[in-house]
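Please open the model in your viewer and keep the sequence panel beside it, so that each selection can be followed in both.

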Amino acid sequence: MSSGKNSKESFEFNGELIEPGSRVETVIKVGIDPLGRKLEIPCFIFHGLIDGPTVSITSAIHGDELNGVGILHFLIHGYDNIPNNNDDFIDVTKLKGTLILIPIANPESLLLKQRRTTDGRDLNRQFPGRENGNHSQRLAHKLFSSIIPRSDYLIDIHTAPGTRTNLSHVRTNFDNEVCKNLAKAFGSNIVLHSLGSEGTIRREATDYGCPSILLETGSSNSFQIENVREGLAGVLNILRSLKMITGEIREPNFRVLVRKSRWIRAPSGGLLHCLIDIGELVEKNQIIAHITDPFGHKTDDIIAPCNGIIVSIATIPLTRTGDPLVHLVPLKKMFEHVKSIIGIDDDLECKEELVNDDEGVQLDDMVFESSEKTEPK
Ligand SMILES: [Zn+2]
């Protein structure tokens, strides 16, 4: 996988030779679209002067999930979106290793503001793709074969669909120590265990030998500046932990490693009035949402089944029986600690807890709306 990569040598990328110490804008050529235009995936490469690992970062594999685009644009240019000045995060003359950055992995879907590719498939169920397959499989193949065999690590950035919002958190396979350490290095409070569905770039890249993590942050179709800042800080933490760049690694005040957690589903249909936000602590038996009828009469309370922290909530009031409304990570000893440090911004020692809630489920066992189900091959 990583053999033979020496940053003192040129970096070969799809036939192009990239000199050490250079920043290059290039594309991954996918083919020709129905109107005869080139279908290309924009790609930014930093090839450092000094030896080090190669990290790929992908975003907008789902074309409506944009926070990762913001994260990568700022990573490339700094917060002023202008390259080669003193607010840049990456100095290629000091960078150890190589960064392959794909801000818009699914350009056609981005144009349509939609999750799926233009042939109606979920691109993040098609990896590693097929060279001679259908449109989505070819797109997956081009992306995967261009970056994963050249990479030592992958960070894939997503958001919740438009019906929910997610607290910034990372997901990875805890049974792979490299993945787990990479996820911890990111520095989010919540780290979820999940292999990922078959055909996701994260799972297939990890199986290929390129340990991968996924960042989930915010909701679709917008640049949410807080999420973008947090995501960028996490990516920089990872690059520091891999010694690719210098700087202080910012540890979170607490970290919860979650194998199983609770998804609270709607007991009945109606309109959802959420009383809590992501990142909030809730206590056992606390009312966290109401469901009402069309006249506004309360028909059901949504009750927290245990103490915990809210990681995801539904943002669309329209609710059908069984819809996942709230993702709650149960907290035990950590609950009092987190409560005691709310609003404190100082660098505290990072306390860590493993949550493996007997009554909870693993993320991979959850089935959401049909748009997230695995695509037939
Ligand atoms: Zn996604």
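In this predicted model, begin by selecting the four strands that form an open sheet, whose order reads E16-E15-E13-E18 and whose pairing is antiparallel. Colour strand E16 (298–303) and strand E18 (318–319) separately, since these are the edge strands, and each of them pairs on one side only. Then turn to strand E13 (residues 270–274) and strand E15 (residues 287–292), which pair in the antiparallel sense over four bridges. Within this pair, display Leu-271, which you will find opposite Thr-292 in E15.

Next, colour the chain by its domain assignment, which gives domain 1 as 11–252 and domain 2 as 262–358. The C-alpha centres of domain 1 and domain 2 are 30 Å apart, and the contact takes 11 residues from domain 1 and 10 residues from domain 2. To look at the side of domain 1 that touches domain 2, select strand E8 (residues 164–172), which supplies the largest share of that side, five residues. By residue class, the side of domain 1 that touches domain 2 divides into four nonpolar, five polar and two charged residues.

Finally, select strand E11 (residues 254–260), which is joined to strand E9 (residues 190–193) by three bridges, the two strands running parallel. Here Leu-192 stands opposite Val-258 in E11. Strand E11 is also joined to strand E20 (residues 351–356), again in parallel, by six bridges, and in this pairing Val-256 can be shown opposite Glu-353 in E20.

Terms used
Residues numbered from 1 in each chain as written. Predicted model: local features only at pLDDT ≥ 70, side-chain atom pairs only at ≥ 80, totals over all residues. Pairing = 2+ DSSP bridges. Domains from an automatic or database assignment. Contact = placed C-beta atoms within 7 Å. Nonpolar A, V, L, I, M, F, W, Y, C, P; charged D, E, K, R; others polar.
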